[in-house]
Amino acid sequence: MAAKIFKLKVIACDKVFYEGGAEILTIPAEDGLMQIMADHESMVIAITNGAMSFRREDGETVNALTGTGFVCVAGGEVTMLSHYIERPEDIDVIRACEARERAEERLMQHQSKLEYYQSKASLARAMARMAYKTRFTDK
């Protein structure tokens, strides 16, 4: 029996990452990893920085790092909106280390609440990039 397919659209703020059929989507939800398959109940899910993956209808699995955002499941279609989405091969670990250092320095300075939260977000993104790249380099 062939796997059921659903329509998936994955969008970052600067590009459409993927649009097409998928068998399964795995996302980093606020309360842990969550998987979505065809005929999933309608819902909106908050996502965090972390690893996401989906299996396309041709059977190929696509892995990526995603930022915060949300996933909307409705009417047999799934739309994922995220601040950023990057493939493992697009992540520069040296740049991520430098970004982490800059964010840590900014966090030690006296700053407004907005600047503080921006620095925390930068730090979280840099840490996620480094961990994700390490995960896919070790295999």
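This is a predicted model: local features need pLDDT of at least 70, side-chain atom pairs count only at pLDDT 80 or more; totals for chains, interfaces and linings use all residues.

Residues are numbered from 1 along each chain as its sequence is written, and side-chain values use heavy atoms, with hydrogens and water left out.

Let us start with strand β2, residues 15-29. Strands here are DSSP runs of E with at least two residues, numbered from the N terminus. Of the 15 residues in β2, 11 are buried, that is, under 20% relative accessible area with a 1.4 Å probe and protein chains only; exposed means over 50%, and partly exposed lies in between.

Which strands pair with β2? Strand β1, residues 6-12, runs antiparallel to β2 and is joined to it by seven bridges; pairing requires at least two DSSP bridges. A hairpin with two residues connects β1 to β2, and Ala12 stands opposite Lys15. Strand β3, residues 32-37, is also antiparallel to β2, over six bridges. Two residues lie between β2 and β3 in their hairpin, where Ala29 faces Gly32. Strand β5, residues 50-56, pairs with β2 in the antiparallel sense over four bridges, and Thr26 has Ser53 as its bridge partner.

Within β2 we find Glu23. Is Glu23 buried or exposed? Glu23 is buried, because its relative accessible area is 15%. Its contacts (heavy atoms within 4.5 Å), leaving aside neighbours within four places in sequence, include Phe6, Ile36 and Arg55.

I turn now to salt bridges, defined as a side-chain nitrogen of Lys or Arg within 4 Å of a carboxyl oxygen of Asp or Glu. The whole structure contains five. One of them joins Lys4 to Asp39, with the closest N and O atoms 2.4 Å apart. This pair links distant parts of the chain, 35 residues apart, and both residues are exposed. Arg56 and Asp58 form another, at 2.7 Å between the closest N and O atoms. Together with Glu60, Arg56 and Asp58 make up a network of salt bridges. Asp58 counts as exposed, because its relative accessibility is 53%.Finally, the largest pocket is lined by residues including Asn49, His83 and Arg125. A pocket is an open set of points on a 1 Å grid over the protein atoms alone, where a 1.4 Å probe fits, with protein on both sides within 12 Å along at least five of seven lines; lining residues have an atom within 4 Å of a point.
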